[in-house]
Amino acid sequence: MFSTLDDTFLPYQVFNTYIRKECIAVNINRIEVPPLVELGTDSVILDCNYSTGVKPGPGLVIKWFFNGSTGLVYQWIPPRQPQVIGLLKGKVDMTFKISEEPLQAYRAIKILRPSTHLSGNYTCVVSTFIEEDRQTKSMLVYSPGKNFHFTQEKHYVFLVTLICAAEDLYPRPLLTILSKGKPLEQAVTDMRMDSWGMYSVETRAEVHDDDVSHPFEEFVCVLSLPLANYTANRTTIYHPGLMPTALIAAIEVEKPQEHQANSKANSFHLLCVTLHTYYND
């Protein structure tokens, strides 16, 4: 009984596949990229954990790409020193080793002081002349901003303006003023982006005293960065019936003169004249 050509060739195929998979194959076990990084963080590590089999194939190369195959930012060809290219140039700790193994030492990138423009998809590609494997993960560098404040202005007797603002935010923020847990429908938001891609936002809402709970009501301003899963809030308490801001300031200015004159009758007369003039206007 004679064997066919296929029968003869089959053991060779099995053996060849075994050799490729167990001896010289490259496989990425996992890549570790922090999904969220707050602006101001000292450093982050992007790691590409791979295995090369019993005998690594010739031409081992580790590459990192940013936002696609054209965005090469890092390359290591053992036993040479790694190279940093393009976007990450000047931002990587070139002395950092993730392992003491000669074929694993510089597989990872330690990025120093990551900024928001480094947000995106990072792809690790491990290849030889025979095999290649790749994996991708995303990283978002977010900025919670600064000067987040919530104030109130009153220029009319029965109307108050609530003002909530923040700046240097990333990514695109949401700013909402809440009354009793519900957004104020009359609120108006102005948002701007600077040349660095950072956002400044201000939300204003006018509230009439008739719509305010007595004797006071607490309003809440909520700042959120939905893509970063970040939320912060500020509160302000409004007492309906208060005098307008400008009028209160004018009365405060007159107080030192009242003390110098040491006359209660004169200060009462001044207050009455001020109030009378304002309301007649």
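Are C164 and C221 buried or exposed? Both C164 and C221 are buried. Buried stands for under 20% relative accessible area, exposed for over 50%, and partly exposed for values in between, with a 1.4 Å probe and protein chains only.

This is a predicted model, in which local features need pLDDT of at least 70 and side-chain atom pairs count only at pLDDT 80 or more, while totals for chains, interfaces and linings use all residues. Residues are numbered from 1 along each chain as its sequence is written, and side-chain values use heavy atoms, with hydrogens and water left out.

**Disulfides**

The structure holds 2 disulfides. A disulfide is a pair of cysteine sulfur atoms within 2.5 Å. Counting bonded cysteines along the chain, the pattern is 1-2, 3-4.

| Pair | S to S distance |
|---|---|
| C48 to C124 | 2.0 Å |
| C164 to C221 | 1.9 Å |

**C48 and C124**

C48 sits in strand β3 (residues 43-51) and C124 in strand β8 (residues 120-127), so this pair ties together parts 76 residues apart in sequence. Strands (E, at least two residues) and helices (H or I, at least four) are DSSP runs, numbered from the N terminus. The link is left-handed, with -85° about the S-S bond of C48 and C124. C48 is buried, and C124 is buried too.

**C164 and C221**

The torsion about the S-S bond of C164 and C221 is about -90°, so this disulfide is left-handed. The pair links distant parts of the chain. C164 belongs to strand β10 (residues 159-170) and C221 to strand β15 (residues 217-225), 57 residues apart.
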